[in-house]
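This report walks through one protein model. Keep the sequence and the 3D view at hand while reading.

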Amino acid sequence: MNQKQFINELKKENITLTDKQLQQFELYYKTLIEWNQKMNLTAITKKEDVYLKHFFDSLTISFYHHIDNQTLCDVGAGAGFPSIPLKIVYPNLKITIIDSLNKRITFLEHLVDVLNLEDVTLVHGRAEEYGKTHRECFDIVIARAVARLDILDELCLPLVKVGGEFVALKGLNGEEELLKAEIGIEKLGGQIVLEEEFTLSNDNDHRYNLYIKKVSKTPHQYPRSFGQIKKKPL
């Protein structure tokens, strides 16, 4: 996906990018590639692939979900996907990014500065620990390529406000993961409201975005330690 295709595909979803936003995406790409030579941020480095599989893919949740002027938490954002592309397009979002690797937080600190983004909080830590002190604080919690859904639900749902949503960006095995996670999602106060299946391009790059509404408070005993979550998912 070249920049022109990126612009045109977003227009189909009623997203028109400004010159400033286009410049931010270009700078994002250049910064990502520059830092990727020093640390392992992504295996996807070809420009057309970054625009499709990182930038465009990150924005797909906004095709089906109203995004603007909300609090959003990105669990395990890595190189900033999907939260930073969303922040570029929806600058009124208030973003919190949690990642357990400090080197990635260092990259994100530099990226936020380079892109001149405001209202971005970067947290070096683990989601299950952060969830104990920031329970039900966010309108939207998102996660992409972090863990299986039956693990991810306990990391993310405790952070979501009642009435808010947890959005999991999944790939080919998303539907299978959901079958194993349904009981846990219900226990944690979630309710599945939408499943979106699509391909990113003609090369059969399958995507499965799952939208889970927080309908009741998460019981106080969750989240457990990561060892417990991984050993015995709900």
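## A helix across the sheet

Start with helix H3, residues 47–59, which lies across S4, S5 and strand S7 (206–214). H3 runs at about 155° to S4. Helices (H or I, at least four residues) and strands (E, at least two) are DSSP runs, numbered from the N terminus. Axes are lines fitted to C-alpha atoms, for helices over the stretch in contact, and angles run from 0 to 180 degrees between N-to-C directions. Contact means heavy atoms within 4.5 Å.

Helix H6 (residues 102–115) also packs on the sheet. H6 touches strand S2 (94–99) and S3, and its direction makes about 165° with that of S3.

## About the model

The model is predicted: local features need pLDDT of at least 70, side-chain atom pairs count only at pLDDT 80 or more, and totals for chains, interfaces and linings use all residues. Residues are numbered from 1 along each chain as its sequence is written, and side-chain values use heavy atoms, with hydrogens and water left out.

## The sheet

The protein chain has 10 helices and 7 strands. The 7 strands form an open sheet with mixed pairing, in the order S3-S2-S1-S4-S5-S7-S6. Strand S3 (120–124) and strand S6 (190–199) stand at the edges. Each has a single partner strand, so one side of each is left without a neighbour in the sheet. From one strand to the next, the twist averages 15°.

Two strands count as paired if DSSP finds at least two bridges between them. Strand S4 (residues 138–144) and strand S5 (residues 160–170) pair in the parallel sense, over 6 bridges. In this pair, Ile-140 stands opposite Glu-165 in S5.

## Overall build

For 234 residues, a compact globule would have a radius of gyration near 17 Å; the protein chain has 17 Å, which agrees. That radius is taken over C-alpha atoms, and the globule rule is 2.2 Å times the number of residues to the power 0.38. Along the principal axes, the C-alpha atoms fill a box of roughly 45 × 35 × 30 Å.

Buried residues make up 53% of the 234 residues. Buried means under 20% relative accessible area, exposed over 50%, and partly exposed in between (1.4 Å probe, protein chains only). Take contacts between residues at least 6 apart in sequence: 68% of them join residues at least 24 apart.

## Salt bridges

The whole structure holds 15 salt bridges. Each is a side-chain nitrogen of Lys or Arg within 4 Å of a carboxyl oxygen of Asp or Glu. One of them joins Lys-217 and Glu-136, with the closest N and O atoms 3.3 Å apart. Lys-217 lies in the loop between S7 and helix H10 (226–231), and Glu-136 in the loop between helix H7 (127–133) and S4, so the pair ties together parts that are 81 residues apart in sequence. Lys-217 is exposed, at 62% relative accessibility, whereas Glu-136 is buried, at 17%.

Lys-170 and Glu-177 also meet in a salt bridge, at 2.8 Å from N to O. Lys-170 is buried, with a relative accessible area of 11%. Glu-177 is buried too, at 18%. Asp-150 pairs with Arg-148 at 3.0 Å, N to O. Here Asp-150 is buried at 9%, and Arg-148 is partly exposed at 41%. A network of salt bridges links Lys-53, Asp-57, Arg-144, Asp-205 and Arg-207.

## A buried aspartate

Asp-153 sits in helix H8 (residues 149–156). Asp-153 is buried, with a relative accessible area of 1%. Beyond residues up to four places away in sequence, Asp-153 touches Pro-158, Phe-166, Ala-181, Gly-184, Ile-185 and Leu-188.

## Backbone exceptions

Most residues other than glycine have a negative phi, and most peptide bonds are trans. Phe-81 and Pro-82 are joined by a cis peptide bond, with omega about 10°. Pro-82 is in the loop between strand S1 (71–75) and helix H5 (83–89). A cis bond also joins Tyr-222 and Pro-223, with omega about 5°. Pro-223 is in the loop between S7 and H10.

Asn-69 has a positive phi of about 55°. Asn-69 lies in the loop between helix H4 (61–64) and S1, and is exposed at 51% relative accessibility. Asp-119 has a positive phi near 60°. Asp-119 lies in the loop between H6 and S3, and is partly exposed at 47%.
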